[in-house]
Amino acid sequence: MSRGCSWSPARAVGSARHDLRKARRVTIMKIGIIGAGNIGGNLTRRLTALGHDVSVANSRGPQTLTALAEETGATPVPVEEAARGAEIVVVTVPLKRVPDLPSGVLDGATDGFAVIDTGNYHPQRDGRIAGIEDEGRTESRWTEGRLGHPVVKAFNGTYAQDILDRHRPAGAPDRQALPVAGDDAAAKAKVRALIDELGFDTVDSGGIDDSWRQQPGTPVYGLRAGLESVTEALAKASPERPADFRG
């Protein structure tokens, strides 16, 4: 795995401020969410509240999502249909479940769609994944290999309840910042604009091979702080996986 130095704190802060100025126009989008747990459910709540057209799926079938659909107005669908027509697809399932997603799960999405990966590797839950531990891939690099499509890593260190409770308008002194990693500049910009609309600043944490900076056990993971503190935490991260997160 590359441990390259393409990311720098100064570049991250400058990029965040520049992109936030550009990302003020709100466009209603079709968004697919695969996984209706804590993160997926609360993203469904917030995104529908903002007026987006949300389709949501889980492994147990759309009939189990009736209450969430009634609460939010989202459309419950089978996993195979979640990405149809979507400009952004959120994959928010345990890592061990990623290989179980149906073949072609992203088929039918619009041209240029972005995939958000919220996942984290927890060996105690997911079992030992050799591609991560032995081959040195970041968690999101492993995930995109299974999905067959580039991903943007975001929300992986965010408390689910914060999505509902801690959003703030742009410029608020207590606005929280989230790290975002990805190789596709256009996809990353689309995701960062959506996060801005959700009420959070973002810090560009580099490419997917740099996304170890925001994996579990790093200083930024679970950090509730603004741009400067998040950028500093990313700079302090070590590529060595903590013992608690090794299988």
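Visitor: Between which two elements does the loop that holds F155 lie?
Guide: The model is a predicted one. Within this model, F155 has a positive phi of about 65° although it is not a glycine. The loop that holds F155 runs between β6 and α7.

Visitor: Is F155 buried or exposed?
Guide: A residue is called buried when its relative accessible area is under 20%. F155 has a relative accessibility of 3%, so F155 counts as buried.

Visitor: Which residues is F155 in contact with, leaving aside its neighbours within four places in sequence?
Guide: F155 is one of the three residues that touch the most other members of the largest nonpolar core, together with I31 and L43. With neighbours within four places in sequence left aside, the contacts of F155 are I39, L43, I116, T118, I163, L178, I195 and L198.

Visitor: Which element supplies the largest share of the largest nonpolar core?
Guide: This core has 28 residues. Elements that each supply at least two of its residues are β1 (30-34), α2 (38-49), β2 (53-57), β4 (88-91), β5 (114-117), α7 (160-165), β7 (177-182) and α8 (185-198). The largest share, five residues, comes from α8.

Visitor: How many residues are in the other core, the one that includes W142?
Guide: This other core lies apart from the largest one. Among its members are A82, V105, V115 and W142, and its residues number 25.

Visitor: Which elements do the buried residues of α6 pack against?
Guide: Helix α6 covers residues 139-147, and its buried residues are E139, S140, W142, T143, E144 and L147. Just after α6, G148 takes a positive phi of about 75°. The buried residues of α6 pack against β4, β5, α5 (130-133) and β6 (152-153).

Visitor: Do the buried residues of α9 line one face of the helix or several faces, and within what arc do they fall?
Guide: Helix α9 spans residues 227-236, and its buried residues are L227, V230, T231, A233 and L234. They line one face of the helix, because, seen down the axis of α9, they fall within an arc of 160°.

Visitor: Which residues is G119 in contact with, leaving aside its neighbours within four places in sequence?
Guide: G119 lies in the loop between β5 and α4 (123-126). With a relative accessible area of 6%, G119 is buried. Leaving aside neighbours within four places in sequence, G119 is in contact with L95, E139, K153 and N156.

Visitor: How far apart in space are G119 and Q215, C-alpha to C-alpha?
Guide: Along the sequence, G119 and Q215 are 96 residues apart. In space, the C-alpha to C-alpha distance between them is 9.2 Å.

Visitor: What distance separates the C-alpha atoms of S59 and R97?
Guide: S59 lies in the loop between β2 and α3 (66-72). Its relative accessibility is 76%, so S59 counts as exposed, the limit for that class being over 50%. S59 and R97 are 38 residues apart along the chain, and their C-alpha atoms are separated by 9.3 Å.

Visitor: How many charged residues are in the lining of the largest cavity?
Guide: The structure holds two cavities of 30 Å³ or more, and about 90 Å³ of space lies in the largest. Its lining has 13 residues, of which G157, T158, L178, P179 and V220 are the closest to its centre. By class, the lining has seven nonpolar and six polar residues, and the charged ones number none.

Visitor: How many charged residues are in the lining of the second largest cavity?
Guide: The second largest cavity holds about 50 Å³ of space. Residues that line it include F113, H149, D183 and D184. The classes in this lining are seven nonpolar and two polar residues, while the charged ones number two.

Visitor: Which element gives the most to the lining of the second largest pocket?
Guide: This pocket has about 390 Å³ of space and is lined by 21 residues, of which I39, T92, T118, N120 and R125 are the closest to its centre. By class, the lining has eight nonpolar, 12 polar and one charged residues. The element that gives the most, with three residues, is α2.

Visitor: What percentage of the residues of the protein count as buried?
Guide: The protein has nine helices and eight strands. Among contacts between residues at least 6 apart in sequence, 71% join residues at least 24 apart. Of the 247 residues of the protein, the share that count as buried is 53%.

How values were computed. Residues numbered from 1 in each chain as written. Predicted model: local features only at pLDDT ≥ 70, side-chain atom pairs only at ≥ 80, totals over all residues. Heavy atoms only, no water. Buried < 20%, exposed > 50% of the residue type's maximum accessible area, 1.4 Å probe, protein only. Helix = DSSP H or I, 4+ residues; strand = E, 2+ residues; numbered from the N terminus. Arc of directions from axis to C-beta. 1 Å grid on protein atoms, 1.4 Å probe; cavity = no way out; pocket = protein on both sides within 12 Å on 5 of 7 lines; lining within 4 Å. Points joined across faces, edges and corners; volume = space filled by probe spheres on them. Nonpolar A, V, L, I, M, F, W, Y, C, P; charged D, E, K, R; others polar. Core = buried A, V, L, I, M, F, W, Y, C linked by side-chain atoms within 4.5 Å. Contact = heavy atoms within 4.5 Å.
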